[in-house]
Amino acid sequence: MSLLTVDHVTRSFGGNRAVDDVSFEMTENTLAVVGPNGAGKTTLLNLLAGQLHPNRGTIRFQYRNITHFPPWRIARMGMVKTYQIVRPFRSLTVEENLVLFSHVRGTVDRDEILAETGLTEWRNYPTGVLPFGLLKRLELAKGLATRPDLLLLDEPIGGLSRAEAQALVSTLSALKGRGVRMLIVEHRLSEILPVVDRVLALDRGRMIFHGSRSEFYHDPAVRTAYLGSSDVGG
Amino acid sequence: MKAPDHRPPRFDWDGMRQRLVSPFYLVALVAIVVFAAATAPWFPAKSLPLSLLSPWLLAVYFPFSVVFASVYLAFLLGWGNRLLSPFYFAALIATFVFVVLAEGDPTSYFALSLVFTSIYITLALAWDFSSGMSGYLNFGLPFFFGLGAFVTGYFAWGGQHSIPFLLTVSLGVGALGGFLFSFPTLRLRGPYFSLLSLLLPLIGLDFVANFWTQLGMPTLGYYDLPFLAPTPGAELVILSVANGFLLTVLYLLRNSHYGLILRGIRDDEDALSSQGIQTFPYKVVAFTLASGIAGFAGAAYALVVTFAGVDTFEFTFLFLPILIVILGGAGEIAGAVLAGYVVILAYQYTLQAFAGLNLIVFTALAILLVLFLPRGILQPVRQFVRFMRTPEGG
């Protein structure tokens with residue numbers, strides 16, 4: 001069953017095609033969208049979340065055409081985006097950040113979300129005092145608070161130390177284990193790929209690969225995009 | 001990372017509610033409310049045995065009991081924890097301390113000053129609830145203030161002299177006007193909305209100055225309106241009750257899920273939207289409510305000065321409430337009440353002490369206060385409380 005279908009989607013900014021004729025179906029639980037800087041990963045994520053609208057092409061989520069839906073409507077349907085640069089509600093406490101979304105798609109067990117993301121002890125703290133690593137966790141917790149059918153994670157471990165990243169990857173593995181479906185944009189490949197089922201690679205807006213993890217490492221187009229030549233690497 | 005554990009112990013709300021629902025408390029509450037209604041300034045108290053009591057006691061009892069009843073009701077409904085803030089109680093106490101002080105001489109200049117202060121506080125509460133909490137700067141407040149004043153004038157000249165009716169109808173028309181304005185314009189973001197709202201008072205001024213008489217209306221406004229109450233002291237009682245009630249309702253809303261969303265809009269509206277919250281209806285409700293409150297304040301002002309004129313659209317009714325909100329801390333609600341007394345009494349003192357230069361002196365004072373207390377007068381108190389609660393500090 002296809003959860004998400006992207007069909008010939010193009011988005012340009014002036015003369016620059018940030019996303020160029022991208023098509024794919026997401027049938028698996030976890031998909032990583034990877035690519036070098038400027039590949040169009042975040043633009044693609046914004047198109048899926050309704051924060052941008054494509055110039056051409058259609059996006060279907062659970063078989064409904066959501067191409068021109070506003071972000072709040074897409075989120076209510078169950079596709080929810082978190083941000084690469086954390087965007088907590090700084091005048092609220094950690095728990096209030098989750099309470100905000102408690103009515104979006106039915107009630108959730110906040111205690112469970114706080115425990116899963118390691119924020120239980122910080123629940124009454126204003127988010128303004130939290131260090132960056134915890135804010136990244138809060139970003140994930142906010143997404144979970146909406147009871148998503150598909151969580152769009154924009155660089156969830158970007159900017160974290162190796163230890164912090166490993167801890168968050170463990171959390172993502174646990175979420176995958178309990179059936180949370182995720183589309184993860186990330187460029188720290190070695191750390192995030194063990195969590196995902198399939199990989200989609202972009203380069204300068206175009207999709208250059210969509211397949212399994214093992215195929216990804218041996219794909220010549222991917223090697224060229226990352227290393228400059230398909231002859232290099234091992 | 002482990003959080004230092006210095007959370008306050010949880011309060012037993014269920015136990016508290018069960019105690020409040022006991023017949024003894026309920027009978028006491030009904031008695032208080034009935035007695036309060038009988039002592040209300042509009043009620044013909046002379047025909048009652050209550051006239052045996054001192055006027056001071058009657059005047060003070062009315063506001064106290066009305067606000068006590070609304071706080072009690074909030075606790076009974078299980079919303080008590082939303083009011084459990086030292087700032088809320090400080091604001092409530094300040095409101096009634098001033099009533100008690102003014103009732104010593106209900107016809108004095110001090111009492112009249114407090115009447116105007118109360119009107120500005122009502123406006124500041126309206127502005128704080130909509131703009132302070134949501135971050136959408138609404139410069140159209142004087143329009144709804146003037147609208148309330150003119151609606152009062154219109155109905156008073158039409159033969160309606162019931163003060164509760166005039167206040168209520170002005171509140172309703174203000175809210176309707178606020179809805180009609182905010183529904184199309186709140187689709188705009190930040191500065192674009194603010195610019196449009198800025199035009200509203202100018203439209204009001206222009207309309208009254210240029211077209212009013214052509215419509216067969218009295219020149220520049222309605223005069224000889226009925227008084228809000230016989231003395232400034234009695235007017236202060238009414239306005240303090242309104243402010244105490246407003247403070248309670250808005251504070252409850254501030255700490256509700258609705259208030260959380262308004263504060264979320266101020267922090268990051270796009271992030272809210274991307275996670276499934278359609279912010280538009282929340283903003284429209286806030287601005288409709290605020291416009292209604294401004295209409296009420298306009299009606300009260302017209303009934304205090306017995307004139308609904310073109311001056312009600314002036315920017316003084318915007319500048320001072322905004323200054324109050326900045327000093328009280330945006331979105332704090334209780335801060336608007338506490339700062340209101342500081343700002344307006346200071347304004348009136350500079351008015352007396354520096355005739356002619358008062359605006360310059362007052363603006364300089366305002367700049368100094370904003371420079372040194374950019375997040376309001378409650379911020380140092382809040383920092384002190386937080387410091388005392390941390391293990392290192394307390």
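In the predicted model, strand β3 (residues 30–34) of chain A and strand β9 (residues 198–203) of chain A run parallel and are joined by four bridges. Within this pairing, L31(A) lies opposite R198(A) of β9(A). β3(A) also pairs with strand β8 (residues 182–185) of chain A, again in the parallel sense and over four bridges. Here T30(A) has M182(A) of β8(A) as its bridge partner. β3(A) is mostly covered, with five of its five residues buried. Its side chains are divided between two directions: T30(A), A32(A) and V34(A) point one way, whereas L31(A) and V33(A) point the other way, and all are buried.

A further set of strands in chain A forms an open sheet of four strands, arranged in the order β2-β1-β4-β5 with antiparallel pairing. The edges of this sheet are β2 (16–26) and β5 (64–65) of chain A, each of which pairs on one side only. Helix α1 (residues 41–49) of chain A packs on the sheet and touches β1, β2 and β4 (56–61) of chain A. The direction of α1(A) makes about 60° with that of β2(A). Seven bridges connect β2(A) to strand β1 (residues 4–13) of chain A in the antiparallel sense. In this pair, S12(A) is placed opposite R17(A) of β2(A).

The largest nonpolar core contains 179 residues. The members that touch the most other members are L152(A) from chain A, together with L123(B), L125(B), L247(B), A300(B) and I324(B) from chain B. When residues up to four places away in sequence are left out, the contacts of L152(A) are L45(A), L48(A), A49(A), M79(A), V80(A), K81(A), T82(A) and L183(A).

The contact between the two chains involves 29 residues of chain A and 19 residues of chain B. On the side of chain A that touches chain B, the elements giving two or more residues are α2 (71–77), β6 (79–82), α3 (94–99) and α5 (132–144) of chain A. The most is given by α2(A), with four residues. By class, this side of chain A comprises 16 nonpolar, five polar and eight charged residues.

Chain B has 16 helices and two strands. Of its 394 residues, 46% count as buried. Among contacts in chain B between residues at least 6 apart in sequence, 81% join residues at least 24 apart.

One helix pair in chain B consists of α5 (residues 86–102) and α14 (residues 334–353), whose axes come within 8 Å and cross at roughly 35°. The crossing of α5(B) with α14(B) is left-handed. On the α5(B) side, the residues in contact are F87(B), Y88(B), A90(B), A91(B), A94(B), T95(B) and F98(B). These meet A334(B), G335(B), V337(B), L338(B) and Y341(B) of α14(B). The contact of α5(B) with α14(B) has 10 nonpolar and two polar residues by class, and no charged residues.

Conventions: Residues numbered from 1 in each chain as written. Chains lettered and ligands numbered in written order. Predicted model: local features only at pLDDT ≥ 70, side-chain atom pairs only at ≥ 80, totals over all residues. Core = buried A, V, L, I, M, F, W, Y, C linked by C-beta atoms within 7 Å. Buried ≥ 20, exposed ≤ 12 C-beta atoms within 10 Å, placed from the backbone. Contact = placed C-beta atoms within 7 Å. Pairing = 2+ DSSP bridges. Axes fitted to C-alpha atoms, helices over the stretch in contact; angles between N-to-C directions. Left-handed = near helix turned anticlockwise from the far one by under 90°. Nonpolar A, V, L, I, M, F, W, Y, C, P; charged D, E, K, R; others polar.
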